[in-house]
Amino acid sequence: MEKNLNIRYQEFENDTQLNALEKKLFAAASAARLQAYAPYSHFLVGCAILLDNGEIISGNNQENAAYPSGLCAERTTIFWTSANYPDAKIKTIFVVGAPENGETKFPTPPCGACRQSILEYESQQQESIEIYFASTSGIICKTFSVKDLLPFSFDRSFL
Ligand code: THU
């Protein structure tokens, strides 16, 4: 029997369609992006995380001469958040990624390893995390759960 899995997401034409809080997160992720340490790929990514206490945490990608030792913006930010706010719930993650001097054709989505890391916290807190991903301009995508980016996900419920 063949089956279909649907994923749900929303598309914004550009940042003017975002509400005030979304604009604030976009601005925080964009500012963090400019401080990324990406001397090898020159692909800068910023991430902003909104907590249920209203605080916004931001971070960016950190590269390394031994390439695999570097880390994406999403994991840099979410690990720091969990390390420092272990009891807070993550409401929203906003990612902005683009080359140092340019933009991408499509918004930069979290990589597979970052999706799995986000899933860990979504499963643990038992509340969905909204994920926005964007380039420096153009359309912005929003999913309502990391499961929309990671269907057939493996989480703590299997263990
Ligand atoms: N990168 C991120 O930080 N997040 C993503 O979602 C995609 C990729 C980083 C990793 C590396 O530093 C650079 O972008 C190029 O892959």
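Ile 131 is buried, with a relative accessible area of 0%, where buried means under 20% relative accessible area, exposed means over 50%, and partly exposed lies in between (1.4 Å probe, protein chains only). Ile 131 has its place in strand S5; helices (H or I, at least four residues) and strands (E, at least two) are DSSP runs, numbered from the N terminus. Leaving aside residues up to four places away in sequence, Ile 131 touches Ile 93, Pro 110, Ile 118, Cys 141, Lys 142, Thr 143, Val 146 and Leu 149, and contact here means heavy atoms within 4.5 Å. Ile 131 and Tyr 9 are 122 residues apart in sequence, yet their C-alpha atoms are 9.5 Å apart in space.

A word on what you are looking at: this is a predicted model, in which local features need pLDDT of at least 70 and side-chain atom pairs count only at pLDDT 80 or more, while totals for chains, interfaces and linings use all residues. Residues are numbered from 1 along each chain as its sequence is written, and side-chain values use heavy atoms, with hydrogens and water left out.

Let us move on to Arg 33, which sits in helix H1. Is Arg 33 buried or exposed? With a relative accessible area of 5%, Arg 33 is buried. Its contacts, again not counting residues up to four places away in sequence, are Leu 44, Val 45, Gly 46, Val 96, Gly 97, Ala 98, Pro 99, Glu 100, Gly 102 and Thr 136. For one of these, Glu 100, the C-alpha atom is 9.3 Å from that of Arg 33, although the two residues are 67 apart along the chain.

Now for the charged pairs. Side chains of opposite charge can pair when their charged atoms come close. A search of the whole structure finds three salt bridges, a salt bridge being a side-chain nitrogen of Lys or Arg within 4 Å of a carboxyl oxygen of Asp or Glu. Glu 127 pairs with Lys 89, their closest N and O atoms being 2.9 Å apart. This pair links distant parts of the chain, 38 residues apart: Glu 127 is in the loop between helix H3 (112-125) and strand S5 (130-134), and Lys 89 is in the loop between helix H2 (73-84) and strand S4 (90-99).

Glu 127 also forms a salt bridge with Lys 91, and here the closest N and O atoms are 3.8 Å apart. Because Lys 91 lies in strand S4 and Glu 127 in the loop between H3 and S5, this pair ties together parts that are 36 residues apart in sequence.

The side chains of Lys 142 and Glu 130 meet in another salt bridge (3.4 Å, N to O). Lys 142 lies in strand S6 (residues 140-143) and Glu 130 in strand S5, so the pair ties together parts that are 12 residues apart in sequence. Lys 142 is buried, with a relative accessible area of 8%, whereas Glu 130 is partly exposed at 26%.

Which residues surround the ligand? They are Ser 41, Phe 43, Val 45, Asn 61, Glu 63, Cys 72, Ala 73, Glu 74, Pro 109, Pro 110 and Cys 111, each with a heavy atom within 4 Å of the ligand. An oxygen atom of the ligand is 2.5 Å from an N or O atom in the side chain of Glu 63. The backbone takes part as well: a polar backbone atom of Ala 73 is 2.8 Å from a ligand oxygen, and a backbone N or O atom of Pro 109 lies 3.2 Å from one. Taken alone the ligand exposes 370 Å², and the protein buries 76% of that; accessible areas come from the Shrake-Rupley method with a 1.4 Å probe, and for residues only the protein chains shown count as cover.

Definitions and conventions:
A polar contact is a pair of N or O atoms within 3.5 Å; within protein, one must be able to donate a hydrogen and the other to accept it, and residues adjacent in sequence count only if both atoms are side-chain atoms.
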